[in-house]
Amino acid sequence: MAPIGNADKALAWLDANEAGSIERLMDWLRMPSVGTDPEHRADTRRAAEWAGERLREAGLEAELCETGDVGPDGHGTGHPIVMAEAPGSPDYRGPHVLFYGHYDVQPSDPDELWRSPAFEPVIEDAGKPSERIVARGACDDKGQVHMFLEALRAWREAGGEVAGGVRVTVMLEGEEESGSVHLERFVREQRERLGRCDVVVISDTGMLGRDRPAITYGVRGLTYTEITLHGPDHDLHSGMWGGKIPNPNNELVRILGQLWDDKRRVAIPGFYDDVREATAEERAAWKQLGIDKAASLRGIGFGPEADVGEAGYSMLEREWGRPTAEVNGIFGGYTGAGAKTVIPTHATAKVSFRLVADQDPAKIRDAFFAWLDERTPPGCRWTKTDHGGGHGVTTPVDSDALRAASRAIEAAAGRKPELIKSGGSIPVAGLLKAELGLDTIFMGFGLDDDRVHSPNEKFELACFRMGARSHVRLLEELRKLG
Ligand code: BES
Ligand code: MN
Ligand code: MN
């Protein structure tokens, strides 16, 4: 077996070459890979190619796999998936790791709220512990994928084997933020290749604080819908027609208002049927984490009185262990400046549900749509769209791989990672569990105030450093398992 001391050399390389690592990340962040926006198709592909190049430089075999229908230019209608392989040392006996990440980012709007342009990354607070890189994708997820890319590079530069001798498959997606439309088909097509993997590692979640590293052992599921209520066949004068016929805006908000009962539970019949309650031990362990609820509310401009949600559950229990319904957007009729009296021809809402084990996204979507049908106002009709989603997952915490990840983070951060869950969703994890039986270790290094999906997204250099070092150590720990 190769000398384990190589990890120290790789870590020394990371320390000595951090400026270059950060510069590479900034190059990647300059590519506006907004997967959902057709205007950024070429930029999104460029970001995929960039990642492929970095993987090749680290000694891996990398290729771009087209998704969707492939046209005459050889490009698919979907965004490409970057696949790469490191064969592992001949004497490697540890698990074959599938590292997943996404190179697409959320749109940058509202652009006027950014201190500096979203795709012109800057370093702020230079020299302070809060030193950070500010740009769209800095944390979600380019910055976190880059920790792994640089860990691979470090092994290579330090003269070690490719990926430290660990058998690794890398899969980087370009549609995570837009519903992973082509991923399911891709995973099925690549079943043989992906089926050789034993465990998934994803760096796309957060920690409990700057000095409180964590492993996330579960994320929630999601089902995302868009519904439009159609009324009169054209916009009407509200003086002539108000109060005489159904106003789609009025009707839509009246119906959506019935979505929660007075205990703030979702009122759709059967919604809670498949919900697995958190165990008493789990709830006790969460409480032990001592999360400062008032501080987190303060961070978003609220006082402690804003701790509002489903009756009978704490704020943390509601985020990690309970399903919810959210209206993400609602529009119809006149939304311009000043006043215009009008009854709109239709009204739309984007409604999503966060789900927990063992709720099925398709079943929840169907139940919601049926619930709407029962409430269709006289003379009106619905159009309904499913924007996708995925199952929630919970990872067993007693596996060799998870213990190796825990030791790796402890070695890199000087503190044992705590076990947490997340209210967010990472649909690929549920897909890989369902299709291939793979469990996922979420090894993320974000902070609660990183403003992911918001203006001024940032990733702190200390987090980047901890993540890159943890990934170097992870490869070492996995190598030792053999
Ligand atoms: N990285 C996030 C998920 C996340 C956010 C995990 C915060 C933990 C903490 C991911 O990129 C994301 O934004 N997922 C979407 C779902 C997707 C289908 C659009 C989400 O959770 O809304
Ligand atoms: Mn993400
Ligand atoms: Mn995201």
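Me: In this predicted model, what makes the contact between Glu251 and Arg254 a salt bridge?

Reply: The side chains of Glu251 and Arg254 meet with 3.1 Å from N to O, and because the cut-off for a side-chain nitrogen of Arg and a carboxyl oxygen of Glu is 4 Å, the pair is counted as a salt bridge. Both residues belong to helix H8 (residues 248–257), where, being 3 residues apart, they are separated by about one helical turn.

Me: Why is Glu251 called buried, and why is Arg254 called partly exposed?

Reply: Glu251 has a relative accessibility of 15%, and since buried means under 20%, Glu251 falls in the buried class. Arg254 stands at 47%, a value that lies between the 20% limit for buried and the 50% limit for exposed, and Arg254 is therefore partly exposed.

Me: What makes the pair of Arg283 and Glu317 a link between distant parts of the chain?

Reply: The side chains of Arg283 and Glu317 also meet in a salt bridge, with 2.9 Å from N to O. Arg283 sits in helix H9 (residues 280–288) and Glu317 in helix H11 (residues 315–321), and the two residues are 34 apart in the chain. As for cover, Arg283 has 27% relative accessibility and counts as partly exposed, whereas Glu317, with a relative accessible area of 12%, is buried.

Me: How many salt bridges does the rule give, and why is Glu460 said to tie together separate parts of the sequence with Arg210?

Reply: The count comes to 51 salt bridges, and one of them is formed by the side chains of Glu460 and Arg210, at 2.6 Å from N to O. Glu460 lies in strand E16 (residues 458–460), while Arg210 lies in the loop between E7 and strand E8 (214–219), so the pair joins parts that are 250 residues apart in sequence. Glu460 has a relative accessible area of 0% and is buried, whereas Arg210, at 38%, is partly exposed. Both residues also belong to a network of salt bridges that links Asp125, Lys128, Arg132, Arg210, Asp449, Asp450, Lys458 and Glu460.

Me: Why is strand E3 described as largely enclosed by the rest of the structure?

Reply: In E3 (residues 97–102), 6 of the 6 residues are buried, so the strand is largely enclosed. In a regular strand the side chains alternate between the two faces of the sheet. In E3, Val97, Phe99 and Gly101 lie on one side and Leu98, Tyr100 and His102 on the other, and these are all buried, which leaves both faces covered.

Me: What makes strand E2 mostly covered, and with which strand does E1 pair?

Reply: In E2 (residues 81–86), 6 of the 6 residues are buried, with Ile81, Met83 and Glu85 on one side and Val82, Ala84 and Ala86 on the other. Strand E1 (residues 61–65) pairs with E2 in the antiparallel sense over 5 bridges, and Ala84 in E2 is the bridge partner of Ala62. E2 is likewise joined by 5 bridges to strand E6 (residues 168–173), again antiparallel, and Met171 in E6 is the bridge partner of Met83.

Me: What makes the approach of Asp204 to ligand 1 a polar contact?

Reply: A polar side-chain atom of Asp204 lies 2.9 Å from a nitrogen atom of ligand 1, and because the limit for a polar contact is 3.5 Å, this distance of 2.9 Å qualifies. The residues of the shell around the ligand divide into 3 nonpolar, 6 polar and 5 charged.

Note on methods
Residues numbered from 1 in each chain as written. Chains lettered and ligands numbered in written order. Predicted model: local features only at pLDDT ≥ 70, side-chain atom pairs only at ≥ 80, totals over all residues. Heavy atoms only, no water. Buried < 20%, exposed > 50% of the residue type's maximum accessible area, 1.4 Å probe, protein only. Helix = DSSP H or I, 4+ residues; strand = E, 2+ residues; numbered from the N terminus. Pairing = 2+ DSSP bridges. Polar contact = N/O pair within 3.5 Å; in protein donor to acceptor, adjacent residues only side chain to side chain. Nonpolar A, V, L, I, M, F, W, Y, C, P; charged D, E, K, R; others polar.
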